[in-house]
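Hi everyone, thanks for coming. Please bring the structure up on your screens, and we'll walk through a few places in it together.

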Amino acid sequence: MPSRLVKGIWLGLVLTALSAVALACSTETEIVEVIKEVPVEVQVVKEVPVEKIVTQEVVKTVEVAGETVVVQKDVPVYVTVPKDRIVEVVKEVKEIVEVEKEVIKVVEVERAREEKVLKLRYKEAINHLNPFRSTSRPHGWAWNLMYSQLIFKDDIAGQWSPDLAERWEAAEDATSYTFYLRKGAKWHDGVEVTADDVVWTYNTALNPAINPRPQPLALIKGAQAVIDGTATTAEGIVKVDDYTVRFDQEFANALFYDKCCSLVIAPKHILGDVAEADFEAHPFHTSASIGSGPFMLDTAFVADVGWGVKANPDYFLGAPLLDRVTFEFIEPRDALFVAMQRGEIHGSTYPTLTSEMYQALIADPRFNVIGIQGSIMRSFMFHNEFEPAADFRVRQAFLHALDRRALIDAFWQGNGTPINTPFQNPAWCDCAEWDARYEYNPDKAKELLDAAGYDYDTVIHNKTYYVDRGDFFAAIQQMLAVVGIKMETVLQQGPAWVEDYYNKSDFELVFAGFGAPSDPSGWLDSQMSTAAQNGGRYGNEELEALIQAGKKGRTVAERAVPYRAIAEDFIDRMPFLPVFRQNEWWFKNNRWYQPVLDQAGAATSFATIEILPVFQGGAWNKYHPEQWDLKPIAQ
Amino acid sequence: MTKYIIRRFLVFIPMLLAISAITYVMMVLLPGDPVTALIDPFSMQEGISQEYIDKQKERYGLNKPIPVRYVIWLGQLARGNFGYSFMTGLPVIEMIVGRLIPTLQLTFTALILGTVGGIVLGVVAALRQYSYYDYFLSFISLIGIAIPTFFLALIALFLVVLKVPLFPSHGWTSELGVYNLWDNIYHLMLPAFILSIELLATSTRFARTAMLEVMSSDYVTTARAKGLSEFWVIGRHAFRNALLPLITISTMRLPILFGGALVIEQMFAWPGMGLFAVRAMVNADYPVLMGVAFITALIVLVSNLLADILYAVVDPRIRTGD
């Protein structure tokens, strides 16, 4: 009996397992694009001339539409005349067969079009779609697809290109900028986009209770009063007419486009009456977002699950080629990699993979890896009040101690160039000479440390949010140990790091990724200006005056004077220690056509990854999303 | 029995209070706060205004002392209000309900798979003691216990998703926002199985031991001596008694399954409570974290109560208080 019981149980288990496998196999197990052949019944109604058959037994003259037809007995005559010419039906006619319409059924075989759904992965913490609270990359994706700006940075043309504004102009003295909106641009609910929306958006963006980053807009005349809470609208934001907006400037400058034009325009008719206190909790930011861009919100946004957009057929630059774009939350790289291989995901909003994964994608003709010109500086920054590193020779020694080329090759797939200055613009940088200055030289490092009287018992605590780069920091620690610098790395989650760096200025040394824009005013504002957080406490009155002077330069030559002064100070005193500048490596399934990324040739190795230029740190994913496409799978 | 259940429910109240208080204190002591969580350290091109940070802290009540904040939260909870997420502004309970279903689906499927499968395999191993079946099952269950869940998930992703594409790689359904039951079950199978493996292995070992112990007891020998068929001896006398410790193990595993679900949900992008809790922790979204902790504690306490009730059902001595 036990043996029967055991057999029965085994049989049950085997059957269960087989059912599970059958169920698994019954579902589509690999992603294959199916072009359906669908029989379509088309009813064609064919209009034919009326045929009238007249049969008579006697010779008679019949008036048919003014024509005289003579017929003889027993000799039937068939006359075909158009119906509208029949003026009389004679009694002698025995039989009339009239065919007015002939219905022909045609069965045609048509290739039904498969819905084009681009699937992208995201992994960063994104919790809302509030256009005034953009804080991370996925927001950028949402804005680019759903919203419009006045103008956008066109990476292919290498210039500003029209978006909501079809043309624009700057006053000769650069004290005002005027934008002419295109007529007929509509919000996703059908309401027309007008100058009122633009004026309201810019004034709302100046309210620090709504927008955490209003400072770049302070160039606009009267903006600071709104930021300070002493006014509700800025006098420099002027509605000229329903389709024209002028921005008067606080002072003549050439930075307005760069600092102010990336703001997405939001609908006044929906958000205009929302109270400040209710603004962040408004459903607009999760389930009812309405923009004027090529795609409309489709699947309501759910934090850390995903959201989706669908084509806006009324988009002012034409209906998008894609039907939908979905963003799915996948955190682990392994799961992302598998999903890419399976064709379940076509790309990612965050481009970090392991070396092995990049290699696998490069080796697979279904994918391509594309470089976007270096826009990140991976850098250290000492706290200016951290006594052991107060002598600038200690900071210089720190860089001399690092074999940066080896670090880049070992931990960043060779993707990076050592630099020493954040001012990577020939107008205010002797880049070739400066970037060669602090080469790998442990002996020189020791000399500098000795000359500075460095206390070798000091343990420097390095705070960083690169929690998955422990091996990189371990290697740095070893290199520093060779010259006698003791460093320990504290891995922190993003919010904890931000609090220590920005809010508390509580650190000795930080390592972070900083943007590397062609004009440094934004970077200086956020990192060094005494008007902002000034996390490293290097900002002072003299530096502040130079930062402000840089903003007021109307030409590159004018801006170069203060920027060069700052750059020369930085390259000697090294308050900021760039380790290397890095290109971002994006990857995508080749089915996805993206006009900017598709300019790059196919990579066959790390060395052949094509690096595409960008315009003023532009976002390639803003480039005409209505032109993006999903190609069929090669059969 | 009714009195017992009511008594247990009353014990829940101080337990839940203690759990919530401890969780709250630990949570607010973590570095970072929801306002700084709004700042992406990578894209630090423009500074955040200090005024904004101060206003937001005031708005979220982060400028009040910790005990005051806890009492306010508790007061709201007593009125059935779990609060609003700092990050999305949505009601926490609404967000949790949306996440609870996938998590319960995942954990209970794993619980059933692990328990039922483990009992069946354990009984088979006990009845065939020292046979090849027994050795094989012992070996497999030891592997199941020894290998961490995340590693099993990685192996599964490589083998049955990438190399032999039997299962989908991620998600609750194939199409975001489009629910289909069969598609959902298809997506559930692999993560639920991976999550169940450790319980399956443990249950197998325990079922085998319990069954062997019972099989050598006097009442089983008596049952055989009475001339009962082996089927009845095993099914009615041995198996039922061997079930008692297994009920304890299975129900006590529920909190561990919830913990394991956190890893599995991340690996397979399963939109459940675990993933939700991790993101809330990273964002220092206190109301969400507290809501998740409270609901999870409640589920665990209720499952313990269920275990006690099941005990009484299986063992009449507990019912009568013998």
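**A short tour of two chains**

Let's start in chain B, with a threonine: setting aside residues up to four places away in sequence, T115(B) touches L199(B), S203(B) and S250(B). Before I go on, please keep in mind that this is a predicted model. To find T115(B), look in helix α4 of chain B, which covers residues 92–127. Is T115(B) buried or exposed? Its relative accessible area is 15%, and buried means under 20%, so T115(B) counts as buried.

Staying in chain B, please move along to A269(B). This residue has a phi near 50°, a positive value in a residue other than glycine. Where does A269(B) sit? It lies in the loop between α9 (230–267) and α10 (273–282) of chain B. With a relative accessible area of 9%, A269(B) is buried.

R537(A) is not a glycine, yet its phi is positive, at about 60°. You'll find R537(A) in the loop that runs between α16 (521–527) and α17 (541–552) of chain A. How accessible is R537(A)? Its relative accessibility is 30%, so R537(A) counts as partly exposed.

While we're in chain A, let's step back and view it as a whole. Chain A contains 18 helices and 24 strands. Of its 635 residues, 52% are buried. The accessible surface of chain A comes to about 26800 Å², and carbon and sulfur atoms account for 52% of that surface. Now take the contacts in chain A between residues at least 6 apart in sequence: 71% of them join residues at least 24 apart.

My last stop brings the two chains together. Which residues make the contact? From α8(A) we have D334(A), A335(A), V338(A) and Q341(A), and from α6(B) there are L154(B), L157(B), V161(B) and L162(B). Sorted by type, the residues of this contact are 6 nonpolar, 1 polar and 1 charged.

That's the end of the tour, and I'm happy to go back to any of these places with you.

Notes:
Residues are numbered from 1 along each chain as its sequence is written. Chains are lettered from A and ligands numbered from 1 in the order in which they are written. This is a predicted model: local features need pLDDT of at least 70, side-chain atom pairs count only at pLDDT 80 or more; totals for chains, interfaces and linings use all residues. Side-chain values use heavy atoms; hydrogens and water are left out. Contact means heavy atoms within 4.5 Å. Helices (H or I, at least four residues) and strands (E, at least two) are DSSP runs, numbered from the N terminus. Ala, Val, Leu, Ile, Met, Phe, Trp, Tyr, Cys and Pro count as nonpolar, Asp, Glu, Lys and Arg as charged, and the others, Gly among them, as polar. Buried means under 20% relative accessible area, exposed over 50%, partly exposed in between (1.4 Å probe, protein chains only). Accessible areas come from the Shrake-Rupley method with a 1.4 Å probe; for residues, only the protein chains shown count as cover.
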